[in-house]
Amino acid sequence: MRHTVLRIAVACSFVVLAFQGLTGAQQNRAAVTPAQVKTSIAIDAATLTPDKPVIVTVTIQNLSGAELEASSICSFDLRNLSKEVAARKHEVFGDRYWGPVNISTGTPQALTIIDPEKEKQGVIVGRVPENSLHFAKDETKTFKVDLTKLLWNPVMSSMWPDQPLFKVVSKGSYALSFVMSKKGINVKSNEIEVSIK
């Protein structure tokens, strides 16, 4: 009986240690804040047309003063700058669009399907994978992304983005920005005014 109690106590200790290790790993992957990273974007041409790539350069700087593991959902945001939108005091469907991106590869960020049975019924149940970027102390990383290769939808849509840029975004003037988000904390880049033709 005494040996059984000892085995249970040892097993419980291992479970506690494993949980503490997991908790420590999760704490290291906490949401990045504007005090830890600075993002900025530049674009090759401010007029976007369907016949040319739309290349955006994303720069992410580690300001934390130490090594940093930045884990977040990355996306581009297009905010409509029309007078009609500016005159309204509230946002409506089509005022803003977003295109999630795997910033490491420059490809559209896909959902991780967590219920394949519901997917067969036409109901998508998924989880958004986070981009994990490791920075050395004071390191700056630069990425190039072609916005025409991403998938887009209105921010207010209930659908995960699934349309090409020029198919879903209306013509007009927009403020383009890059956003890293996690747990309600957003790190947003500068905005660049672009025109969609």
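In what order do the 3 strands of the open sheet stand, and is the pairing parallel or antiparallel? In this predicted model, the order is 1-3-10 and the pairing is antiparallel. Strand 1 (37-43) and strand 10 stand at the edges. Each has a single partner strand, so one side of each is left without a neighbour in the sheet. From one strand to the next, the twist averages 20 degrees. Strands of a sheet pair through backbone hydrogen bonds. Strand 1 and strand 3 (residues 55-62) are joined in the antiparallel sense by 7 bridges. Within this part of the sheet, A42 stands opposite T57 in strand 3.

The protein as a whole contains 4 helices and 14 strands. It comprises 197 residues, of which 33% are buried. Contacts were also examined by separation in sequence. Among those between residues at least 6 apart, 68% join residues at least 24 apart. The accessible surface comes to about 11,700 Å². Carbon and sulfur atoms account for 57% of that surface.

D138 lies in the loop between strand 9 (131-135) and strand 10 (140-146). Its phi is near 65 degrees, a positive value in a residue other than glycine. D138 is exposed, because its relative accessible area of 53% is over the 50% cut-off. A second residue with positive phi is K183, at about 50 degrees, although K183 is not a glycine. K183 is found in the loop between strand 12 (172-182) and strand 13 (185-188). The relative accessible area of K183 is 70%, so K183 too counts as exposed.

Four strands each supply at least two residues of the lining: strand 4 (68-80), strand 5 (96-102), strand 12 and strand 13. Strand 4 gives the most, with 4 residues.

Note on methods. Residues numbered from 1 in each chain as written. Predicted model: local features only at pLDDT ≥ 70, side-chain atom pairs only at ≥ 80, totals over all residues. Heavy atoms only, no water. Buried < 20%, exposed > 50% of the residue type's maximum accessible area, 1.4 Å probe, protein only. Contact = heavy atoms within 4.5 Å. Areas by Shrake-Rupley, 256 points an atom, 1.4 Å probe, with all protein chains shown as cover. Pairing = 2+ DSSP bridges. Axes fitted to C-alpha atoms, helices over the stretch in contact; angles between N-to-C directions.
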